[in-house]
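Here is a short tour for a first look. Keep the view open beside the text and follow each stop in turn.

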Amino acid sequence: MGMRFISAFVLTASLAAAQSGLTPPRIGFVRDSANRLRALLGISGNFWMGGTVARGVIDAASSGRASILQTRRGLIVVDTAGDPLSRPFPASGEALFAFSDDGSPALVWLRESGRLLRWTRRGFIAVPAADPGGSVVSIAAPRASSAAFLIERDREVWRVDISLGDGALLFAAKLPGVSSPALLLDDGTLLFARNSSLVLRNPEGDERAIAFDNAAIRFAPVGRDWILIDTTTTTHLVLRLSTGALFELPESTQEARR
Amino acid sequence: MIPRLLFLTAAGVLGAFAQLELTLYDTTNQTESPLDLSQTLDVGPAAVCQTLTPRIRIHNISGSPVEIETLEVAPLGAWRKDSRDPLPGSSFVISSASFRDVWIDFAPPSVGTFPATLTVNNLQLSLTGEGVAAPEVSDIGGKNYCPGDQIYVGRTQVGSTVQTVLKVTNPTQAPVPALVSGKDFGPDTPSTVEPGDTQQVMITFTPSIPNAEMGMLTVNGMAYTLAGDGFVGPLLQPSLQFSANAGLSSNQAQVSIPLAAAATATAAGQLTLSFQPSGTLPDDPAILLTATGSRTTSVLVNPGDTAVHFQAGNPDHCTFQTGTTAGTIAFTLTIGGVTSTASTTIPGALVALDLATAVAQNGTVIVSLAGFDNTHAASRLAFTFYDTAGQTIAPGLIQSDVSGPFSSYYAAHPEAGGAFSLQATFPVSGDISKVGGVDVQFTNPAGTAMTSRLPVH
């Protein structure tokens, strides 16, 4: 058939270059209890925190490939190594973040000012007249041309899609059985808590329940396939979406190497 | 008539002056200093909460007994008569050429100057004192303590520890030392509260005898009495129990500590984790208690408890990471004079992958693997690629001795334990879209692990 792998030595050469081929497994970045952005390393059931890449972090989310953080200095995007990809963008207050399917930064919703920002090669730019019409619970970027919001209105959660071009309303639908806090993933999957479970509902409406004996107050992506769950206790949990496994994040007590 | 009456009154007053004389008695040097009633007696600065007690001596310098009908200090508040002095309304007599001592307490309630007047019959002595900033001691319930006060640490079984948290606030401009003394009281090491700071001091009491015991907290030279009660009771009988996954690497397992019988007293203690790696393997820092991010946590039992409770995280059980290195994880519980241990051994295991993907990209297939090798001794990594029809693609098995790269990696990243992530890149000649899947084999001393076939996306 004429197709073959050129050589086994390529593998050997790649592994020998340990700096690139063999590294500690890196999940993404997470805001710790001291409001520092720390690298989150490890695999299922075995986590540790890396070095601090930013302090004074108000909100943060990570796709694994990139992270967006709201700091006292403004919005910052950092790469997988924690190095900034942009100058701080002036913004204040709590923020919600969304990433594209490939993990690149996509959208930011600024709660205080009710502004929607989109990430471009030149940095963040404001989306004109973007008003989802309710208290924003979560934001996602299912397509390059639109933003998808979960909003809470009269104790009901709705999905509202808005055009990034002109802020026009594209779609709105009530989501029965969904309550805040909730997270909308870029593929349309919903994550929310119900009774003693976390529920993952795919766009077709199929649900997977994960036993959960805590009270969630916030969900935030901290890596590809990983969601941080802040609870009403001091315990921080991480959920692996693909397996539905829940883990406790070790409390960060000390600085570590980056 | 009116001028004459005025003269008589003045004469009577002068007579009283002539009968009595006041001196300040220095208890330490046992000396007396005459007090000039035209001057104000400054008793000196006192820390807020501190009490100064000048001793005033009343001399009867007349030839006959004098009845002291009035002995008072006003205004009250910062000043008061000492409990050794006569009650208001009662009088006493000082014989001729004799004297009587009275004590005046100055206890400033706040920073500031506090004037007062001491009246002895017709004599009036002006007093003043200054309240100055001083370290403050309070408990977490907000109760403030003054030097000399007793602070009750608690009651506990002999050999066990009870503790109480005190807050020491330093409003002064200089560091303030706080030191605990007393045979069964701790901590042994003094702490220092910086100017303007408030620091928590954990006072511990571990009675060695079944009795009431006293200790002392000294803050900037001012002493507070510590008290605790020890008693003999039935010993706790804790047992450490692990969840079923405690013997597997890369797991979050739980340890819980039921008691054979309900506790009869309060006891505080510590649970400590230690790790003994297999053979010459290094320590694995990810083996820790998640609630504290360390290898120790505080535990507690209260009367009636049927299990030891954890003070961080879930009170009923403690989650710990089993890490990614083979070895033995041991727990040592010390509580109520009892030490209990238990361990779980994690044997060397096949390499386990947590993430495995294969992607065709720009004429290459990139295989990404993340997982762990708890032996830290992976020796061989092999790949077999298949086309979309399931046929093996030449050259068939592609294998590599990876012991060198892994050895270097573990030496460079001790924080990772046996966890790793790698990317292997395979240049492909021909139509890369025909590459359908790949099998991965990973060999370490425990054997060879094989993945189920990874689809190439």
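Two residues are in contact if their C-beta atoms, placed from the backbone, lie within 7 Å. Not counting residues up to four places away in sequence, V108(A) touches I68(A), L75(A), A95(A), F97(A), L117(A) and F124(A). This is a predicted model, so everything here describes a prediction.

**The nonpolar cores**

V108(A) belongs to the largest nonpolar core, which has 123 residues. Six of its members touch the most others: L107(A), V108(A), A147(A), L191(A), V222(A) and I227(A). In soluble globular proteins, nonpolar side chains tend to be buried together.

**A sheet in chain A**

Four strands of chain A form an open sheet, in the order β9-β10-β11-β12. The pairing is antiparallel. β9 (95-99) and β12 (123-126) of chain A are the edge strands, and each pairs on one side only. From one strand to the next, the twist averages 25°. Inside this sheet, β10 (residues 105-110) and β11 (residues 115-120) of chain A run antiparallel and are joined by four bridges. L110(A) has R115(A) in β11(A) as its bridge partner.

**Chain B in outline**

Chain B has 457 residues, and 34% of them count as buried. Its elements are two helices and 37 strands. Take the contacts in chain B between residues at least 6 apart in sequence: 66% of these join residues at least 24 apart.

One open sheet in chain B has five strands, ordered β14-β21-β20-β16-β18, with mixed pairing. At its edges stand β14 (150-157) and β18 (191-193) of chain B. Each has a single partner strand, so one side of each is left without a neighbour in the sheet. The twist in this sheet averages 25° from one strand to the next. For β18(B), the link to β16 (residues 176-181) of chain B is antiparallel and uses three bridges. V176(B) has V193(B) in β18(B) as its bridge partner.

Now look at β6 (residues 71-74) of chain B. Its covered face holds L71(B) and V73(B), while E72(B) and A74(B) make up the uncovered one. In a regular strand the side chains alternate between the two faces of the sheet. β6(B) runs antiparallel to β10 (residues 112-120) of chain B, with four bridges between them. A74(B) stands opposite T117(B) in β10(B).

**Where the chains meet**

How many residues does each chain bring to the contact? Chain A gives 36 residues and chain B gives 51 residues. On the side of chain A that touches chain B, α1(A) gives the most, with six residues. That side divides into 19 nonpolar, 12 polar and five charged residues.

Strands also pair across the two chains. β2(A) and β34 (residues 419-429) of chain B pair in the antiparallel sense over two bridges. There, L22(A) stands opposite L422(B) in β34(B).

**Backbone exceptions**

Most residues other than glycine have a negative phi, and most peptide bonds are trans. The table lists some sites that depart from this pattern.

| Site | Feature | Value | Loop |
|---|---|---|---|
| A74(B) to P75(B) | cis peptide bond | omega near -5° | P75(B): between β6 and β7 (79-81) of chain B |
| A394(B) to P395(B) | cis peptide bond | omega about 10° | P395(B): between β32 (380-387) and β33 (398-401) of chain B |
| N35(A) | positive phi | phi about 60° | between β3 (26-31) and β4 of chain A |
| N220(B) | positive phi | phi about 55° | between β20 (212-219) and β21 (222-231) of chain B |

N220(B) has 18 other C-beta atoms within 10 Å and is partly exposed. The cut-off for buried is 20 or more.

Methods. Residues are numbered from 1 along each chain as its sequence is written. Chains are lettered from A and ligands numbered from 1 in the order in which they are written. This is a predicted model: local features need pLDDT of at least 70, side-chain atom pairs count only at pLDDT 80 or more; totals for chains, interfaces and linings use all residues. Two strands pair if DSSP finds at least two bridges between them. Axes are lines fitted to C-alpha atoms, for helices over the stretch in contact, and angles run from 0 to 180 degrees between N-to-C directions. A residue is buried if 20 or more other C-beta atoms lie within 10 Å of its own, exposed if 12 or fewer, and partly exposed in between; C-beta atoms are placed from the backbone. Ala, Val, Leu, Ile, Met, Phe, Trp, Tyr, Cys and Pro count as nonpolar, Asp, Glu, Lys and Arg as charged, and the others, Gly among them, as polar. A nonpolar core is a set of buried Ala, Val, Leu, Ile, Met, Phe, Trp, Tyr and Cys residues joined through C-beta atoms within 7 Å.
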